[in-house]
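Colleague: I have just opened this entry and would like to be walked through it. Could we look at it together?

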Amino acid sequence: MTRPIRRLAGPRRSRRLRIVTPLLTAALILPILGGAAVPAAAATPTLTQLIGQKLIVRMDGTTPSSDLLGRIRRGEVGGVILFGSNVTTKTALIALTKQLHAAAVAGGQPRFLIAVDQEGGSIKRIPWAPPTMSPPQMGANGLASTAKSQGQQTGTALKALGIDVDLAPVADVPASTSSFLYQQGRTWSFSATKTATLSDAFTTGLELGGEIPAMKHFPGLGYATLNTDTHMVSIRVSKTALAPGLLPYRTAISHHVPLIMLSNATYSAYDPYAAAGWSPAINSTLLRVTLGFRGVTITDSLDGTAAARGYTTAHIAERAAKAGTDLLLITGSETTSRSVFATLLTDAKAGRISMTGLQASYARILALKGG
């Protein structure tokens, strides 16, 4: 059974150390959501739940289809990512998030996660919500207190809208002005130390505001000059050259960051054959063994990178699941995410995906949702 969450002593009481065991042997009681207790997860999760809870999917339109709501009730989906096309007014957004959460409650499923990319600056899905400063602006300011305040304001605002996860902050350290993330205005600084300090402070602020942060894109996209959502990117530099990009993660892991997004780039120094999102050498050996991360991993969006490689999204999702990545981000159509679920379910039934690995991911995901 997952042990109770232990609050940390000292100034970072918002961070939580989640300790999980690979197998679930009893029900996990999840927190209060919208005034009603969320039903406990099954003592022995079904195969549908083991697969479904891994999937964070895109929703078509501004209101959920009956099909999507049915998938949520049956446990075939563990969360939704919202984009600008899903958002109209504040009132409509609150009604939408309540409907999505309620579907999971009605089906007796674990807490449903609703995520957005709310970095600030050029990436801000909820236009009226904080942060009011972009990462470069916070970097120029240079104060951890400012980044923390911006994060807390953002977390508070998103929580009030019924959103659970902010897929932020970006923690990439640009190697030059050729960095695509730098050119998009999404990075804090060329200094790894300043990036570590400010991204960690923003993460702390999000948690203080009641939001789950997701630091991205591990192990760093500082050398990437092309967008990994639309291009096949291979970063061919040494581990020594990549080391500064790990500093923000080392800092955040020491403060028990709960969720880390893996990049869609390939790193020849670690694994020349698989991108971070589906590389055991990166998401297991480097992140969990070397850096000591004990939280949940999530892929970056798999749809664009799959197309750039000439594969289906289901194929890349299958590789990520086999590699032990916990959450799979599917931002294509609802038809695509249904196909991913069906493929993974077939693989699990055939024994092509480790049951022990699925159970370990499920335990970590439930611990995250219970936070």
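Colleague: How do the axes of helix α2 and helix α12 come together, and at what angle do they cross?
Modeller: This is a predicted model. In it, the axes of helix α2 (residues 66–73) and helix α12 (residues 334–349) come within 11 Å and cross at roughly 30°. Angles under 35 degrees count as roughly parallel, and α2 and α12 are therefore roughly parallel to each other.

Colleague: Is the crossing of α2 and α12 left-handed or right-handed?
Modeller: The crossing in which α2 passes α12 is left-handed. On the α2 side the contact is made by Asp-67, Leu-68 and Arg-71, and on the α12 side by Glu-334, Ser-337 and Arg-338.

Colleague: Let us move to α5 and α7. Within what distance do their axes come?
Modeller: The axes of helix α5 (residues 144–160) and helix α7 (residues 192–208) come within 6 Å, crossing at roughly 35°. Here α5 passes α7 in a right-handed crossing.

Colleague: Which residues of α5 and α7 meet?
Modeller: From α5, the residues are Ala-144, Ala-147, Lys-148, Gln-150, Gly-151, Gln-152, Thr-154 and Gly-155. They meet Thr-197, Leu-198, Ala-201, Phe-202, Thr-204, Gly-205, Leu-206 and Leu-208 of α7. By class, the contact of α5 with α7 has seven nonpolar residues, eight polar and one charged.

Colleague: And Gly-151, is it buried or exposed?
Modeller: Gly-151, which is found in helix α5, has 0% relative accessibility and so counts as buried. Leaving aside residues up to four places away in sequence, Gly-151 touches Phe-202, Gly-205 and Leu-206. The C-alpha atoms of Gly-151 and Phe-202 are separated by 4.5 Å, although these residues are 51 residues apart along the chain.

Colleague: A change of topic: how many aromatic pairs are there?
Modeller: The count comes to three aromatic pairs. One of them is formed by Tyr-182 and Phe-190, with 5.0 Å centre to centre and 40° between the planes, and this pair is tilted. Tyr-182 counts as partly exposed at 34% relative accessibility, and Phe-190 is also partly exposed, with a relative accessible area of 44%.

Colleague: Why is the pair of Phe-218 and Tyr-249 edge-to-face?
Modeller: The ring planes of Phe-218 and Tyr-249 are at 90°, with the centres 5.0 Å apart, so the pair is edge-to-face. Planes over 60 degrees apart count as edge-to-face.

Colleague: Where do Phe-218 and Tyr-249 lie?
Modeller: Phe-218 is in strand β12 (residues 215–218) and Tyr-249 is in helix α8 (residues 239–254), so the pair ties together parts that are 31 residues apart in sequence. Both Phe-218 and Tyr-249 are buried.

Colleague: What does Gly-245 touch?
Modeller: Gly-245 lies in helix α8 and touches Val-173 and Pro-219, not counting residues up to four places away in sequence. At 13% relative accessibility, Gly-245 counts as buried. Its C-alpha atom and that of Ala-196, 49 residues apart along the chain, are separated by 9.0 Å.

Colleague: How many residues of helix α11 are buried?
Modeller: Eight of the eleven residues of helix α11 (residues 313–323) are buried, and the helix is mostly covered. The buried residues are Thr-313, Ala-314, Ile-316, Ala-317, Glu-318, Ala-320, Ala-321 and Ala-323.

Colleague: What do the buried residues of α11 pack against?
Modeller: They pack against α9 (280–290), β17 (296–299), α10 (302–309), β18 (328–330) and α12. After α11 comes Gly-324, with a positive phi near 95°.

Colleague: Now the backbone: which residues does a cis peptide bond join?
Modeller: A cis peptide bond with omega about 5° joins Pro-130 and Pro-131. Pro-131 is in the loop between β9 (123–124) and α4 (135–141). The peptide bond from Ala-168 to Pro-169 is also cis, and its omega is near 10°. Pro-169 is in the loop between β10 (165–166) and α6 (180–183).

Colleague: Lastly, what is the phi of His-256?
Modeller: Phi of His-256 is near 65°, which is positive in a residue other than glycine. His-256 is in the loop between α8 and β14 (259–262), and with a relative accessible area of 21% His-256 is partly exposed.

Methods. Residues numbered from 1 in each chain as written. Predicted model: local features only at pLDDT ≥ 70, side-chain atom pairs only at ≥ 80, totals over all residues. Heavy atoms only, no water. Axes fitted to C-alpha atoms, helices over the stretch in contact; angles between N-to-C directions. Helix = DSSP H or I, 4+ residues; strand = E, 2+ residues; numbered from the N terminus. Parallel < 35°, antiparallel > 145°, perpendicular 65-115°, else oblique. Left-handed = near helix turned anticlockwise from the far one by under 90°. Contact = heavy atoms within 4.5 Å. Phe/Tyr/Trp six-rings, centres within 6.5 Å; stacked < 30°, edge-to-face > 60°. Buried < 20%, exposed > 50% of the residue type's maximum accessible area, 1.4 Å probe, protein only. Nonpolar A, V, L, I, M, F, W, Y, C, P; charged D, E, K, R; others polar.
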